[in-house]
Structures are given as structure tokens and as C-alpha cells.
Amino acid sequence: MLALRLKAWKTEAVLEEVPEPGLPPAGALLKVIGAGACHSDLHLMRDFETDAMGWGPPFTLGHENTGEIVALGRRAFGLEVGQPVAVYGPWGCGHCRRCAIGEESYCENAAAIGPAGGGLGLDGGMAPLMAVPDTRLLVPLGSLDPVEAAPLTDAGLTPYHAVNRSLPKLVPGSAAVVIGAGGLGHMAVQILKAVSPAKVIVVDTRQEALALAKSLGADETVSMDENPGPAIMELTHGRGAEAVIDLVGADSTIALGMRVARTRGDLSLVGLAGGSAPFRFLTARIEVEMATTFWGTRAELMEVISLAQAGLIRSHVQRFTLDQAAGAYRLMREGKLEGRAVVTPNA
Ligand SMILES: [Zn+2]
Ligand SMILES: [Zn+2]
């Protein structure tokens, strides 16, 4: 079968013929319906140069996947051949304390395991077939469109986890700032509106991205190019926001987050742009809690899928065939995608 492969660090992904995967004994074989193209794939192609994480190329890209079950291994209770499912992306050991509570993105045996999951060291979903090692990593989609559902597993789950961290602070009268209105940001807006009464303020450099955020329920949009700090302070009555979710992670966006997080507010750094900011008195308000977050838990993926099934969140997708996948990444690099690009290897 053809697959979109990362063959070496610092190279573009290429389509190449690979053998079809076998059925993992405790897992499932999927016919891939949707494989989301994630911004972190660009970092894999451009920024990584060594196997410092304990894994590396070659592997098939695509860590944001849905598919139809083609075959099931042993212990496949409650799942059936033909059923559409989402794939939980971070594949932990399954038995450490973190994995036991579903936080496989924070698996304590990650270093020993090596690859972080399908599309991240192991073969992912940018191919007609994908092997998933354990059925615990599958969440049934019900009647959701599997192409639209693919981004729920990362672009939905990752901001959901960051929002969850701040949820107790997002009381009536509070505000949440989302920095970056791309693949994750357009989901973050909808998640915030679905689970909290907070005023949602979205920041981006691109007017089209801000327009999309507005159409998805953002209360206010602020251009990153027009002195966003004072604008956000004014929108929050001079107090700042209870939660700032930085989906970019550049020097400028982290600085903005520290500027506008309210006293005792949260700043969650999600974006992987590699920026930094000094941490000391007076660089942020008192008791601002800062955290990097990574992906989300298995239970949270179930919750995200429930939100989508209830019609409260929906990913805005642009569809690409496997032949067009490299082009999707090109558009992403140029900032020309609206919402999320999803590759449909069997379309
Ligand atoms: Zn991702
Ligand atoms: Zn583990």
C-alpha cells in the first residue's frame, strides 16, 4: 500500500510503497477514514535532527486518526468489525500510574517505550491501513462523520485538556484568551463555549482565522498585530483573563499571555514554537499558574467525542486525498489552511 512517510529527520514526507500491517494480537487493524495533518508534523519534518526522544524515522505520519475496524485481536469486548472508531494518539505502557488513570500522554515508561504512538515513531494513519496495538486505545464514534471526527483526537483533545485544567476558574463573569485560531484554536473556542460561561477572546495574526473563530462562537477577536495586550485588558475590565491558552508558544505569544493572565489565573502553554519568557516577580501577576500541557487523557477523548456527538463542537475540515497530503502541509506552512486538513487515504 502507499503511505506518506517521514524517511529521515529534516526531510519532507514522501509517498512510498510499504507492506500492509498485520493484526496486533491485542489490538485492531483499521481502514483509515481520516488522518489529520498536525502542525507538529511540520516540526518533525523541519526541526528535529536526532533521535533524542528515543525514536525517529522511518515511519508513516498521521497521529490524529479515525477508521473502521477491519479485524480485531483478542480481548475486543464491546467493539465490532466495521465499527467506526477514533484512535487515542499517545500510546503509553498501559500499566504505570499515569496510564492507569488514562494519562497515557504522561506515561512514566515513555523513555523505555520509545515511539510515542502511531505517526510519532510508529506507523500512523496517512495510509489505507493502520495497526493499533491495543483496543483500549479505540473510542467508538457512533454516528459522527469519521473524517470530521479525526481532528477530535488531537486538535480537539489537546485544547480540551488545557481548558479542563482551568475549568474551576472559568466561572460566570470570567474570561478565557485563546492565542492562535488554527487547527487547535478553532476547537478551543467551541470547547470553551460548550463547557464554560467564560467570555472567549481569540488572538491571531490572520483576519480569516479570526473570522472563523468569530463564526464558531468567539465573543471577541483581537489582532496580534495591533497591540493585543491593552485590548485584552480593556475587554476584561482591567483584570485580565482567568485562563490563557497559548496554542502558538512563540516568545511574543508567551509574553502576551503573561501580560494578560489575571491574578491567580492560568497560563497554559500548548504550542510548540519553542519560545520562552522570564519567570520572576512582576513579569506576570501574582500567583499566575503556568504549565506546559501535552495532549490529553483517554477519558477526556471520550468526553470530546461526547461533545461532538451532542453537536456542541465540530471540526472545520479541509479534505485531501493521500496524493494531495504533501500539498496540505505546504498550505499549512504558508498559513493558508482554514481549520484542519484531514487526509482521507481510502477516498
Ligand atoms: Zn498533533
Ligand atoms: Zn505508562
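1. The donor residues of the zinc ion (ligand 1) follow the sequence spacing C-x24-H-x90-D. They are Cys38 (SG), His63 (NE2) and Asp154 (OD), at 1.8 to 2.2 Å from the ion; donors are N, O and S atoms within 2.8 Å of the metal (3.2 Å for Na, K and Ca), and sites may look incomplete, as water is not among the atoms.

2. The model is predicted: local features need pLDDT of at least 70 and side-chain atom pairs pLDDT 80 or more, whereas totals for chains, interfaces and linings use all residues. Residues are numbered from 1 along each chain as its sequence is written, chains are lettered from A and ligands numbered from 1 in the order written, and side-chain values use heavy atoms, without hydrogens and water.

3. Both Cys38 and His63 are buried (under 20% relative accessible area, 1.4 Å probe, protein chains only).

4. The chain is divided into domain 1 (2-153 + 296-343) and domain 2 (157-292), with bounds from an automatic or database domain assignment. Their C-alpha centres lie 27 Å apart.

5. Between domain 1 and domain 2 about 1,700 Å² is buried, 64% of it from carbon and sulfur atoms; this is the accessible area (1.4 Å probe) that two parts lose on being put together, summed over both. Glu300, Leu307 and Ile313 supply 22% of the area that domain 1 buries against domain 2, more than any other three residues.

6. Across this interface the rule finds zero salt bridges (a side-chain nitrogen of Lys or Arg within 4 Å of a carboxyl oxygen of Asp or Glu).

Terms used. Buried < 20%, exposed > 50% of the residue type's maximum accessible area, 1.4 Å probe, protein only.
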